[in-house]
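Student: I would like a close look at one part of this model, and then an account of what lies around it.

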Amino acid sequence: MVRLLKVSRSGYYAWLERAPSPAAIRRKVIEQKVAWFHSDSDETYGSPRILPDLRAEARSSCVER
């Protein structure tokens with residue numbers, strides 16, 4: 001795989017041990033929230049309904065801080 005991707009072995013292992021970036025962490029949190037809203041709606045809500053829920057939650061969490 002190292003040869004296929006044309007990266008050094010040490011670079012690959014350094015990448016494996018690297019902590020996730022803030023953007024990756026934020027994406028994971030959003031994915032979890034989307035999954036929760038979807039399951040909470042008995043799996044009937046799609047993106048048009050979930051997006052307003054995410055925005056409302058973001059506004060309420062900003063007010064709480």
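Which residues make the nonpolar surface patch of about 470 Å²?

Tutor: The model is a predicted one. The nonpolar patch consists of Met1, Leu4, Leu5 and Val7, and its area is about 470 Å². Of these residues, Leu5 has its place in helix 1, which covers residues 2-5.

Tyr12, Tyr13 and Trp15 are linked into a cluster by ring pairs. The whole structure contains three aromatic pairs. In the pair of Tyr12 and Trp15 the planes stand at 35°, so the pair counts as tilted, with ring centres 6.1 Å apart. Both residues belong to helix 2 (residues 9-17), where they are three residues apart, about one turn of the helix. An α-helix has 3.6 residues a turn, so residues three or four places apart point the same way. Tyr12 is partly exposed, at 26% relative accessibility, whereas Trp15 is exposed, with a relative accessible area of 53%.

Another aromatic pair is formed by Trp36 and Phe37. The geometry here is edge-to-face, with 75° between the planes and 5.2 Å from centre to centre. Trp36 is partly exposed at 48% relative accessible area. Phe37, by contrast, has a relative accessible area of 11%, so this residue is buried, the cut-off being under 20%.

Helix 3 runs over residues 22-40, a length of 19 residues. From its first C-alpha to its last, helix 3 reaches 27 Å, close to the 27 Å expected at 1.5 Å a residue. After helix 3 comes Asp42, which has a positive phi, near 60°.

The structure holds one salt bridge, in which the side chains of Lys33 and Glu57 meet at 2.9 Å, N to O.

To return to the part you asked about, the patch is made by Met1, Leu4, Leu5 and Val7, while the aromatic cluster is made of Tyr12, Tyr13 and Trp15.

Definitions and conventions:
Residues are numbered from 1 along each chain as its sequence is written. This is a predicted model: local features need pLDDT of at least 70, side-chain atom pairs count only at pLDDT 80 or more; totals for chains, interfaces and linings use all residues. Side-chain values use heavy atoms; hydrogens and water are left out. Rings of Phe, Tyr and Trp (its six-membered ring) pair if their centres lie within 6.5 Å; planes under 30 degrees apart count as stacked, over 60 as edge-to-face and the rest as tilted. Helices (H or I, at least four residues) and strands (E, at least two) are DSSP runs, numbered from the N terminus. Buried means under 20% relative accessible area, exposed over 50%, partly exposed in between (1.4 Å probe, protein chains only). Patches are made of residues with over 30% relative accessible area and no salt bridge: like charges are joined within 9 Å, nonpolar side chains (Val, Leu, Ile, Met, Phe, Trp, Tyr) within 5 Å. Accessible areas come from the Shrake-Rupley method with a 1.4 Å probe; for residues, only the protein chains shown count as cover. A salt bridge is a side-chain nitrogen of Lys or Arg within 4 Å of a carboxyl oxygen of Asp or Glu. The expected span of a helix is 1.5 Å times one less than its number of residues.
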